Amino acid sequence: MKLCSVLLLAGIATSVNAFCNSTLPSAVNASACDSGTCGAADVFGGKDVPIVWPRVSNNKVAIRYCFYDTDTDKRLRSLVRGAMDVWMGALGERKKDNGHAIEFYEHTDKDNKPYHCVDESNPSRPWNTNLQTDTVAILWRGADGINPQPVPASSATLGCLKKPNPFVLNLVVGTSHTLWEITHELGHVLGMVHEHQRADRDLFIKYNCDKVFGFDAAWQKASADGISKDRLCNDAQVATYYGFWAGVQFIRGFIGVLKWEVVGSGAYDIESIMHYASDAGVADQTRCNANHPDEPAMCVMAFWKNPSKHDAGWETRFRQNPISQRDVAWVKKVYPWDGTFSWSGQNQDLIQFGDVAK
Ligand SMILES: [Zn+2]
């Protein structure tokens with residue numbers, strides 16, 4: 001496994017001290033992402049949404065993280081650092097020529113030993129006061145029952161917040177996980193939302209809501225209450241109320257019960273790492289897998305062969321995308337080297353993406 005992020009992080013020491021509420025230039029440069037160059041989606045710029053990670057010293061963007069405790073460190077370090085390496089491999093190291101300012105940063109003590117999120121010398125294991133509270137806590141799903149999701153999938157919070165409470169920003173590694181999954185979660189940490197939740201997604205994909213895990217049970221209850229299938233499938237508050245949490249990951253145009261509007265700029269990117277494959281969250285995998293490529297109707301998502309001519313039919317995609325060129329373009333747009341592009345967020349709320357298990 002590459003260790004390039006170790007080298008990248010070695011030099012920043014204790015100068016990283018700005019909170020997420022750092023003063024930021026507030027101009028929104030809409031032309032920074034020309035049509036077709038930048039497909040990733042986010043919620044930035046809306047009301048009460050998270051903010052982009054702030055600039056700290058030397059104009060860098062340090063995404064701070066900590067492993068919950070020694071056990072979590074041993075269990076997850078190689079996986080999580082591996083996923084960070086995947087991002088840094090796609091972006092290139094933080095330097096002017098690569099056009100971005102991102103570093104993943106783990107705060108260490110004077111002996112270069114990483115601080116864990118909790119103070120393990122204290123029996124009650126409170127938050128480690130050597131760390132800022134806007135540090136992303138890396139949690140193992142089993143740790144203290146922190147993960148609220150009812151399945152063993154991973155989850156992550158979106159972007160940054162102004163002075164959050166400890167543990168509010170987190171990345172939870174599910175008991176069932178892959179390197180791809182954690183790399184995807186880091187996309188959420190950076191501020192990306194699901195590409196397939198863009199308002200224009202129906203031009204490109206066919207979403208079969210009734211094939212999602214948990215639909216049948218939720219529909220039984222919702223229909224008894226006179227709720228339409230359309231509302232169960234397209235309203236996150238309704239889906240959440242009826243326990244259809246997996247469906248929340250597919251709501252068109254809005255994120256979570258807070259209904260943050262998904263902002264997709266540029267071309268829709270079916271290659272994005274933030275786009276699920278056809279079988280993500282499928283209730284019945286026996287008919288939706290690579291052995292049944294001709295049965296897209298049995299999958300959660302099918303892809304129109306020709307977005308401008310749906311008569312041409314649909315097809316399945318089972319490949320989990322690597323980081324796409326447009327994902328990279330999004331990061332370079334949002335976190336450019338020179339720091340001239342950002343949004344002025346009014347965030348107080350946060351969302352947790354609880355990704356669906358395969
Ligand atoms: Zn996700």
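How many helices and how many strands does the secondary structure of the chain come to?

## Overall make-up

The model is predicted. The secondary structure of the chain comes to eight helices and 13 strands. The chain has 358 residues, and 47% of them count as buried.

Contacts tell of links along the sequence. Take those in the chain between residues at least 6 apart in sequence: 76% of these contacts join residues at least 24 apart.

## The annotated span

Which feature does UniProt place at residues 182-212? The record gives "domain: Peptidase M12A", from an unreviewed entry. In the model, this span is 29% helix and 10% strand. The C-alpha atoms at the ends of residues 182-212 lie 22 Å apart.

Most residues other than glycine have a negative phi.

N112 has a phi near 70 degrees, a positive value in a residue other than glycine. N112 sits in the loop between β3 (102-106) and β4 (136-140). Is N112 buried or exposed? N112 counts as exposed because it has 8 C-beta neighbours inside 10 Å, and the cut-off for exposed is 12 or fewer.

F167 also has a positive phi, with a value near 75 degrees. F167 too is not a glycine. Its place is in the loop between β5 (155-157) and β6 (170-173). F167 has 19 C-beta neighbours inside 10 Å, so F167 counts as partly exposed. A buried residue needs 20 or more.

Technical notes. Residues are numbered from 1 along each chain as its sequence is written. This is a predicted model: local features need pLDDT of at least 70, side-chain atom pairs count only at pLDDT 80 or more; totals for chains, interfaces and linings use all residues. Helices (H or I, at least four residues) and strands (E, at least two) are DSSP runs, numbered from the N terminus. Two residues are in contact if their C-beta atoms, placed from the backbone, lie within 7 Å. UniProt positions are given in the numbering used here, feature names are shortened, and annotations may be inferred rather than shown by experiment.
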